[in-house]
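Here is a short briefing on one protein model. Please keep the sequence and the structure in view while reading.

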Amino acid sequence: MTKFIENWPDGSNRAAFAPPVCDYVEDIVLAADVIRRVPIPAGKRFAVFCFDGDFRMKIGTNVTDLVLPTASTIDGSGSTLNPAARRIPPMLPDNVTPPTHFVLRAPAICRGSIEFYE
């Protein structure tokens, strides 16, 4: 399994901008305005997203919903626009539920990939 943070000297701060080539990659095709839940593989701690169009992401479970925004939020319930690299937390904000899925949605069809690292 490919580790995102490696031992010295490859794991130095500057090297984190160029992680090793990943051995676990999911190709993703997002249909326009259709929710897609991508399972997080067991033991993975980091995800790197690369898409050819705008998309939204939330971390959650197989029932987490994500709607494309039509207004501003003021309660922290929004989603992330075009994330790059993210650390997968051990628990969701409720501090009880472990995350199992990345929830994705795009306003128009787009294609991309998610690299998963230990």
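Arginine 105 counts as buried, at 14% relative accessibility (buried is under 20% relative accessible area, exposed over 50%, partly exposed in between, with a 1.4 Å probe and protein chains only). Its side chain meets that of aspartate 33 in a salt bridge, 3.1 Å from N to O. The model is predicted: local features need pLDDT of at least 70, side-chain atom pairs count only at pLDDT 80 or more, and totals for chains, interfaces and linings use all residues. Residues are numbered from 1 along each chain as its sequence is written, and side-chain values use heavy atoms, with hydrogens and water left out.

**Salt bridge**

- The count comes to one salt bridge, the rule being a side-chain nitrogen of Lys or Arg within 4 Å of a carboxyl oxygen of Asp or Glu.
- Arginine 105 lies in strand E7 and aspartate 33 in the loop between E1 and strand E2 (36-39), so the pair ties together parts that are 72 residues apart in sequence.
- Strands (E, at least two residues) and helices (H or I, at least four) are DSSP runs, numbered from the N terminus.
- Aspartate 33 counts as partly exposed, at 41% relative accessibility.

**Sheet**

- Four strands form an open sheet in the order E1-E8-E3-E6, with antiparallel pairing (two strands pair if DSSP finds at least two bridges between them).
- E1 and strand E6 (85-87) are the edge strands, and each pairs on one side only.
- On average, neighbouring strands of this sheet are turned by 20° against each other, direction ignored; axes are lines fitted to C-alpha atoms, for helices over the stretch in contact, and angles run from 0 to 180 degrees between N-to-C directions.
- Six bridges link E1 and E8. Isoleucine 28 stands opposite glycine 112 in E8.
- E3 and E8 are also joined by six bridges. Cysteine 50 faces serine 113 in E8.
- E3 and E6 pair over three bridges. Alanine 47 has arginine 86 in E6 as its bridge partner.
- Five of the six residues of E3 are buried.

**Nonpolar core**

- The largest nonpolar core has 16 residues. Such a core is a set of buried Ala, Val, Leu, Ile, Met, Phe, Trp, Tyr and Cys residues joined through side-chain atoms within 4.5 Å.
- Phe49, Phe51, Phe55, Phe102, Leu104 and Ile114 have the most contacts inside this core.
- Strands E1 (25-30), E3 (46-51), E7 (101-105) and E8 (110-117) each give two or more residues to this core.
- In soluble globular proteins, nonpolar side chains tend to be buried together.

**Aromatic rings**

- The whole structure holds five aromatic pairs. Rings of Phe, Tyr and Trp (its six-membered ring) pair if their centres lie within 6.5 Å; planes under 30 degrees apart count as stacked, over 60 as edge-to-face and the rest as tilted.
- The rings of phenylalanine 51 and phenylalanine 55 have centres 4.3 Å apart and planes at 40°, so the pair is tilted.
- Phenylalanine 51 is buried at 16% relative accessible area, and phenylalanine 55 is buried at 2%.
- One aromatic cluster is formed by Tyr24, Phe49, Phe51, Phe55, Phe102 and Phe116.
- Leaving aside neighbours within four places in sequence, phenylalanine 55 has contacts that include Leu30, Phe49, Leu104 and Arg105 (contact means heavy atoms within 4.5 Å).

**Glycine 78**

- Glycine 78 sits in the loop between strand E4 (56-60) and strand E5 (80-81).
- Glycine 78 is partly exposed, with a relative accessible area of 39%.
- Not counting residues up to four places away in sequence, glycine 78 touches Lys58 and Thr73.
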